[in-house]
Structures are given as C-alpha cells and as structure tokens.
Number of protein chains: 2
Amino acid sequence: MEQVDILVSGGTVLTLDEKDTCIGCGAVAVRGDSIAAVGAAEELKARFSVRKTIDAAGCIVMPGLVNGHTHAAMTCFRGMADDLKLEDWLQNYIFPAEARNVRPELVYWGTLLACAEMIRSGTTTFCDMYIFEEETARASKEAGVRCLAGEVLFDFPSPNFKTSDEGLKYTEDLIRRWAGDPLIGIVVEPHACYTCSDNLLARSKELADRYGVPYAVHLLETKAERDGLISKLGKSPVHFLAEKGILGPSVTAFHCVAMDEEDIRLFADHGCRIVHNPESNMKLASGVAPVPEMLAAGIAVGLGTDGCASNNNLDMFQEMDMAAKLHKAWRLDPTVMSADTVLKMATRMGAAALGMADRIGSLEPGKRADIISIDLKKPHLTPLYREYSHLVYAAKGDDVRDVIINGRIVMENKQIRTLDEDKIISKVISIAEEVKASLKQ
Amino acid sequence: MEQVDILVSGGTVLTLDEKDTCIGCGAVAVRGDSIAAVGAAEELKARFSVRKTIDAAGCIVMPGLVNGHTHAAMTCFRGMADDLKLEDWLQNYIFPAEARNVRPELVYWGTLLACAEMIRSGTTTFCDMYIFEEETARASKEAGVRCLAGEVLFDFPSPNFKTSDEGLKYTEDLIRRWAGDPLIGIVVEPHACYTCSDNLLARSKELADRYGVPYAVHLLETKAERDGLISKLGKSPVHFLAEKGILGPSVTAFHCVAMDEEDIRLFADHGCRIVHNPESNMKLASGVAPVPEMLAAGIAVGLGTDGCASNNNLDMFQEMDMAAKLHKAWRLDPTVMSADTVLKMATRMGAAALGMADRIGSLEPGKRADIISIDLKKPHLTPLYREYSHLVYAAKGDDVRDVIINGRIVMENKQIRTLDEDKIISKVISIAEEVKASLKQ
C-alpha cells in the first residue's frame with residue numbers, strides 16, 4: 001500500500017484546476033511537500049496508508065489563497081492614518097514613520113504578525129515588497145508561509161541602502177542566499193517609474209533576467225501618476241517600458257489603475273501580469289483598474305491586499321468580496337467579476353500572476369501541497385447553494401480552519417503551530433509605541 | 001451600596017455619545033434593561049455592588065450595531081443566485097423561490113438563523129421587511145434581538161395576503177399584538193412606489209400615524225426606477241410623496257440611490273431618514289447613493305445589509321468597511337465617509353434613522369443596555385492606533401466576543417445563550433433542500 005503523510009478527507013474539494021473540478025466527498029493526499037492525489041475520499045482512503053488524517057467533513061477544501069501584493073511589515077502601521085489625501089497620508093504620516101522607525105527588527109516582527117494574520121485567513125503565498133527583505137524572508141520561513149520577497153529599489157536612499165547600487169547588490173545577495181529554498185523566492189522590485197531612473201529600471205530587469213527570477217513594479221496606481229509620467233516621458237510608461245525592452249513574461253505590475261486600452265494590449269502582447277488591489281485603491285481613492293478588460297485581453301490578473309496602512313487588513317476573503325462588488329458598482333453591471341472569476345484570481349490565476357502556476361494555485365497531483373479548509377458549519381455560511389458564491393460573498397478569513405503549506409500543517413483546527421502569537425502581538429505593540437512616540441517629534 | 005445586574009468592566013469604552021466620549025479603562029453598569037452608569041472602571045467598581053461582571057480587559061466596549069434594513073428570513077436564499085442582471089435575478093430566481101417556498105416556517109427559521117448571525121457579528125437591532133412578519137417578531141423575541149418588524153405591503157397578492165386590505169389588517173394586528181413589547185416594535189412598510197398604489201402608500205401612512213409607529217419604504221433603488229416613476233408620475237417620487245403628505249419625521253427610506261439634490265432637500269426639510277445599503281447596491285449594480293450630500297443636508301442616514309440574497313451576509317462590520325471605501329472610490333476622494341462618520345451611521349445615527357435614538361445607539365445612562373465587546377487580542381487587530389479606524393477598516397464580525405441586548409446577556413465569550421444554533425442550521429439546510437427542489441420544477 002502506498003504511503004502518504006497527510007490525507008485531508010471528507011470535505012467538498014474545490015480543485016480550482018482548469019476544469020474547475022469539484023469533488024463532493026473528496027480528499028487530498030499529501031506526500032512530502034507535494035500533492036500525491038486528489039479524488040473521492042473513499043477511493044483515496046482505500047489506496048493509501050496515511051500517517052495523519054485531517055477530517056474535513058463539513059468543510060470546503062481548496063488551494064491556499066495567493067496574496068499578490070503586500071508590504072507585510074506595514075502591519076506595524078495598521079490604522080496609523082486614514083481618510084487622508086494621498087500626499088498628506090504619505091508625506092506627513094507614512095514616510096516620516098518609516099524614516100524614523102523602519103529597521104530590521106520592525107520588519108521581522110511586523111512580517112511575523114502579517115504571517116499569523118495571513119495563515120488565519122487562508123493565505124499560503126504572498127508577494128512582498130518592502131525594506132530589509134532578508135527579515136521578511138526569514139520571518140516567512142519561520143512562519144512556514146510561502147513568500148516571494150523583494151527589496152524595494154529607488155534612486156534615493158532607503159533605511160537599508162544609500163544608493164541604488166547598494167540596493168541592487170542587496171537584492172543580488174538575497175537571490176543567492178535563498179536560491180533553491182522550498183518556501184522563499186526572490187523578486188527584483190524597483191518601486192515605480194516615478195521613483196526609479198530609467199537606468200535603475202533597466203538594471204533591475206537585467207539582474208532579474210540574469211538569475212531567472214521575476215520582476216515586479218508598482219505601475220499607474222493613479223491618473224495623476226499617469227499624467228506626470230506622460231509629461232516627463234512623452235508617452236505612457238507602459239510604452240516606455242516596452243521600448244526599453246523591460247516588458248516580458250517575468251514582469252508583474254501592481255495596481256495598473258490608470259492603464260488604457262493600448263497599455264493593456266502591450267501588456268498582453270508581452271505576456272506581462274498584473275495584481276489588482278481593490279481595497280487599497282478604494283481607500284486611497286486611487287481609482288478603479290480596468291480589470292474586466294485586462295482579463296478579456298488574456299492577462300493573468302491576481303489579487304492583493306497591499307499594505308496594512310491602506311486596507312487595513314490582509315484578509316483575502318474580504319478582498320475577493322470587494323473585487324467582485326467594486327466593478328459591478330463602477331460599471332453598473334452585476335454580471336462583471338463573477339464569484340468564479342474572482343475566486344480564480346485569488347488562486348490559480350493569482351499564482352500565474354506571480355509566475356508560480358506550475359507549483360501552486362490549484363489542487364493537482366505534483367503541485368506543492370498548499371491547502372486550506374473552510375468550516376461551513378456557521379450561521380453565516382448556511383445554507384449552501386454554490387461553493388464559489390459562498391467563498392466570495394459570504395465567507396470571511398476567520399472561517400479558515402486548517403492550513404497546510406508545502407506539505408506542512410501550519411494551522412490545525414485554528415491553532416497556529418509555527419508561531420507564538422502572544423509573543424508577536426506583544427512585540428508589535430511595543431514597536432507601535434515607539435512609532436507613536438516618533439510621530440510626536 | 002447601589003446594586004447593578006451587570007458590569008462590563010476594564011475595556012476601552014466607546015460611548016458613541018454626542019461628544020464621542022471614550023474611556024480608557026472604562027466600564028458600563030447595567031440595571032434591568034438599561035444602562036445605569038458609564039465611567040471609569042475603578043469608579044464604577046467602587047460605586048456598585050455587582051451581580052455579574054464581564055471582564056472586558058483588552059476589548060473595545062461599544063453600543064451594539066444597528067442594521068437598518070434587512071429581509072432576515074432570506075438567509076434561506078443566501079447565495080442562491082449571483083452575478084445576474086437585476087431582472088433575471090428577481091424574475092427567474094428570487095420571485096419563483098419566494099412564491100414556491102415562503103411560508104411561516106421558513107420565515108421563522110430563516111430569521112432565527114439571521115439572529116444567530118447578527119448576534120455573532122455584533123448587531124443588536126435590525127429593521128426588517130418581509131412576509132409573515134409575525135414569525136420574524138417571534139423569532140427575534142426568542143433570540144433576544146431587538147427588532148423593528150414590518151410586513152411588506154403591495155397591491156398584488158403575497159404568500160401571506162390576497163389583497164392590500166388584508167396586508168394592512170395583518171400589519172394592524174401586529175401593531176396591537178406587540179404593543180409595549182420591550183424588544184419588538186412594528187413598522188408599516190409599503191414595498192415601494194412602483195409596487196404600491198397611491199392609495200396603499202397613503203393608507204399605510206395613515207395606519208402608521210394612527211398608532212404612532214414608523215413608516216418605511218424602498219425608494220429610488222436604481223436610476224431605472226426613478227426614470228419609470230418620473231414617466232408615470234410626471235415628477236420625482238419624492239415630490240409625489242411630499243405632495244401626498246406622506247413625508248415626515250416618522251418616515252425612513254431604504255436605498256435612495258437615485259436621489260437628486262432636490263429630493264435630498266425635501267427629505268431634509270421633512271425630517272425623513274435614510275438607510276444606506278452599500279453592499280447590496282454594489283452587488284446588484286444599483287448605483288451609489290449620494291450619502292455625503294445626504295449627511296451634509298442633516299439627514300439621519302443609517303446602514304443596512306439588505307437581505308442575504310444580495311450581499312450575502314449580515315455582517316455590519318463588513319458593511320461599514322464597504323461604506324467607507326465605496327464612496328472614496330466613487331468620488332476619487334479619500335476624505336469622504338471617514339471611519340468616524342461610518343461608525344456613527346452604524347450606531348447613534350443608525351438608531352436615529354429608525355426613530356430609536358432616545359433608546360439605543362450610544363452608551364449613556366438611561367438608554368437600553370445594548371452593548372457589545374470586541375476582542376482586540378488578534379493579529380489583524382494589532383497594533384492599535386485609533387479605535388474607530390480599527391472597527392471600520394480592520395475588524396470583522398467574528399471579533400465580537402460578548403453581546404448584551406436590553407440588559408440580557410445574549411452571547412458571552414462567543415457562546416450564544418438564547419439559541420440552539422445546531423438545530424437552526426439543520427433546519428435551514430433542510431428548508432434549502434426544498435427550495436432547490438422547487439427551482440427545478
């Protein structure tokens with residue numbers, strides 16, 4: 001009899017594969033870091049000798065969610081400033097707080113806190129951009145959460161580097177140090193076209209290509225950014241990036257609120273990818289990205305929460321709900337951004353948007369075992385007509401019961417096994433006290 | 001020493017009174033059905049002999065949330081049909097499902113389920129419109145949740161009445177039967193201007209005025225409704241209602257998406273009230289109500305979830321988050337609909353929108369004791385800079401720990417005391433099986 005390590009058994013298994021296969025009383029078998037089989041519970045129980053069974057009766061079992069854009073350590077600034085004009089928010093709150101407080105310790109503990117929150121709400125992979133990303137990588141590894149980590153690069157000094165040369169060097173060191181890690185990948189992340197020189201944007205791409213790692217950048221978050229770049233460059237920044245040879249299938253752009261038809265076509269033609277951040281775009285009043293057009297053009301569009309200073313949580317269930325509803329309201333069309341579309345953006349397509357579709361995003365034999373279960377026996381999840389609808393429109397992060405990442409049980413029956421949450425919470429509270437004091441200076 | 005029944009002690013007390021008084025280590029003393037005192041925990045502990053103490057250290061203590069517009073029993077249709085054009089959704093799913101399935105039993109169990117969900121997410125009062133509202137009232141009473149119940153009235157037959165005369169008679173019976181009840185109030189609720197004759201609208205108002213109960217109606221949910229009514233009436237339905245003498249300080253209107261400046265002025269002049277339902281309006285693509293203008297005009301605007309077929313949950317925390325973000329995105333202005341504004345809409349102003357501001361909506365001596373506590377010791381609520389921000393942008397219904405309604409502990413440490421949730425869930429699941437079968441006919 002074949003042996004497997006874990007059998008998640010008895011739930012309704014949503015594979016999120018290309019056929020959207022759904023198995024009524026299903027099971028997922030895990031061997032090592034990977035999915036060994038997906039099928040009917042009875043069949044898999046008969047086929048395998050199982051070390052550890054997770055009884056998922058009454059649950060939905062599905063791939064873990066992919067949070068395509070975060071600044072994880074900004075949990076330390078959660079709710080520090082809200083309801084402000086973007087410039088006021090950035091210049092008078094976020095930038096001063098960061099300049100005075102961001103150091104490796106804050107990034108490490110802030111990321112641990114983010115990981116606890118993400119595990120609890122079913123996120124198994126996140127793509128991060130921040131400062132001192134070695135700490136982000138270290139914390140994610142400790143938490144057991146899959147992470148694509150990228151040091152934010154620009155042409156002015158950061159708390160971590162004085163020059164962009166140092167920033168690139170730091171990124172290259174990250175790439176080398178984490179090469180081959182089963183959980184942590186590195187992404188080269190110039191901040192944006194308005195904060196990076198042409199030279200830095202191009203050298204970043206060269207670095208990413210040299211090591212075969214992805215490249216990601218904030219792009220066209222607002223119309224003001226678009227207008228500014230067009231007057232500076234004489235063209236849309238998407239054209240500019242295309243001309244510079246930077247666009248390509250390893251490129252992911254965050255936000256893309258102010259993309260026009262031509263930008264979308266260029267992105268599609270080059271196989272670029274996008275991460276949509278509806279809650280952050282709404283809270284900062286950045287605008288509404290043309291996501292239905294992006295999807296129609298065949299672009300892989302994922303979903304992200306952005307940082308906790310502009311959301312203010314990392315709950316991908318809430319993000320899905322918001323993504324589905326925002327576009328309906330914006331276009332006065334209730335048929336756009338269906339539950340099915342949005343759920344894919346948070347799983348299979350979200351993985352593709354990060355270049356990870358070969359490993360994660362669906363429950364299929366051979367893929368990494370990133371699996372979550374959602375407990376349905378709750379008033380707000382009763383009754384059940386359609387699982388996809390429930391997950392997008394009714395469920396919340398807190399409904400997640402079990403989380404497996406890379407074959408390891410990270411949360412079981414709502415108990416996180418990898419982290420000491422009390423200690424992390426205390427530590428971040430004390431960091432926040434310092435942040436508060438620093439803002440009074 | 002004075003005696004009180006309950007002391008909720010040690011949390012940060014947000015009174016939501018006119019001054020937005022916040023007490024760091026505060027307490028709320030409850031005697032019978034009412035709040036006896038609000039103050040510093042030490043002071044109240046010294047002053048009162050207490051029968052039952054709820055230790056709220058590490059919690060926010062605040063007034064229970066007011067859900068201004070529900071169709072509670074529609075929990076039975078939660079997620080039955082999504083992502084459809086309004087007409088398709090109504091004509092091919094909701095109306096047939098209702099015609100074939102709505103009977104007293106469905107309303108009773110559906111409302112019990114709604115009450116469980118509302119208690120769990122911190123709602124202590126809801127204003128309901130549905131069919132067989134005697135069952136809604138009975139279920140709410142059993143659950144211990146404050147309810148303003150109204151039988152939906154129109155000029156065509158409902159599962160409960162053949163003629164509008166019978167509907168009015170049923171409503172009058174409700175008013176008489178529930179008169180003086182501490183938890184249940186009755187509201188006269190003609191469905192809308194496009195489903196009710198002038199005569200029914202006017203007779204409903206006459207009935208409400210005769211008994212001194214409130215009057216509530218769906219109004220201008222979409223631009224199509226507005227256009228249709230203007231071609232029928234030759235004027236905005238708000239003008240029409242004003243001319244008919246129906247507008248006045250006991251009138252609450254739901255949705256009001258398609259109100260113009262003049263409608264808003266008329267509503268303000270007559271002291272009418274509004275309930276805003278952002279999630280439902282977004283999901284059905286009904287449009288975005290001009291809430292900032294309504295507030296600027298001095299209108300009491302509450303928040304509501306609408307029914308579970310168009311939301312798909314009853315979580316007022318999510319509704320607050322959506323209300324704050326939707327208008328920012330819609331107007332490209334991050335300063336509108338601040339956390340402070342939205343939190344008031346869900347509490348003090350929400351109570352005013354239902355004509356209940358003298359009894360509920362804030363923690364003040366003499367008001368009914370409708371109190372909730374929110375447990376802050378969670379990753380997604382760490383750290384804490386501002387309570388109002390946390391409640392609107394970071395918290396979720398599931399963070400509610402304790403619920404007191406009318407002086408009775410309805411949920412303690414996340415255990416609902418008044419309801420058998422397992423039984424309710426099973427019952428609604430079996431009702432939903434019948435609904436599914438009926439739709440295949």
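Let me start with the two chains: chain B is superposed on chain A by a rotation of 180° with 0.0 Å of shift along its axis, and the RMSD is 0.0 Å. The superposition is by least squares on the C-alpha atoms of residues with pLDDT of at least 70 in both copies. The two copies are thus related as by a two-fold rotation axis. Both copies use the same surface, since 100% of the contact residues of chain B recur in chain A; contact means heavy atoms within 4.5 Å.

Before going on, some ground rules. This is a predicted model, where local features need pLDDT of at least 70, side-chain atom pairs count only at pLDDT 80 or more, and totals for chains, interfaces and linings use all residues. Residues are numbered from 1 along each chain as its sequence is written, chains are lettered from A and ligands numbered from 1 in the order in which they are written, and side-chain values use heavy atoms, with hydrogens and water left out.

Now chain A as a whole. Its secondary structure comes to 16 helices and 18 strands. These are DSSP runs numbered from the N terminus, with helices being H or I of at least four residues and strands being E of at least two. The C-alpha trace spans about 65 × 45 × 45 Å along its principal axes. A compact globule of 441 residues would have a radius of gyration near 22 Å, and chain A agrees, with 21 Å. That radius is taken over C-alpha atoms, and the globule rule is 2.2 Å times the number of residues to the power 0.38.

What share of the 441 residues in chain A is buried? The figure is 68%, where buried means under 20% relative accessible area, exposed means over 50%, and partly exposed is in between, with a 1.4 Å probe and protein chains only. Of the contacts in chain A with a separation of 6 or more, 72% are between residues 24 or more positions apart.

As for charge, chain A has 49 positive and 63 negative side chains, and the centres of the two sets lie 3 Å apart. Lys and Arg count as positive and Asp and Glu as negative, while His and the chain ends are not counted. Each charge is placed at NZ of Lys, CZ of Arg, CG of Asp or CD of Glu.

Next, one residue in a strand. A:V152 lies in strand β8, residues 146-153 of chain A, and counts as buried at 6% relative accessibility. Leaving aside residues up to four places away in sequence, A:V152 touches A:M129, A:Y130, A:I131, A:F161, A:E189 and A:H191. A:L90 is 62 residues from A:V152 along the chain, and their C-alpha atoms are separated by 16 Å.

Last, two backbone details in loops. Where is the cis peptide bond with omega near -10° in chain A? It runs from A:T382 to A:P383, and A:P383 lies in the loop between β15 (371-375) and α15 (387-394). In chain B, a cis peptide bond joins B:T382 and B:P383, with omega about -10°.

A:A285 is not a glycine, yet has a positive phi of about 55°. A:A285 sits in the loop between α10 (278-283) and α11 (291-296) and is buried, with a relative accessible area of 12%. B:A285 also has a positive phi of about 55°, and B:A285 is buried at 12%.
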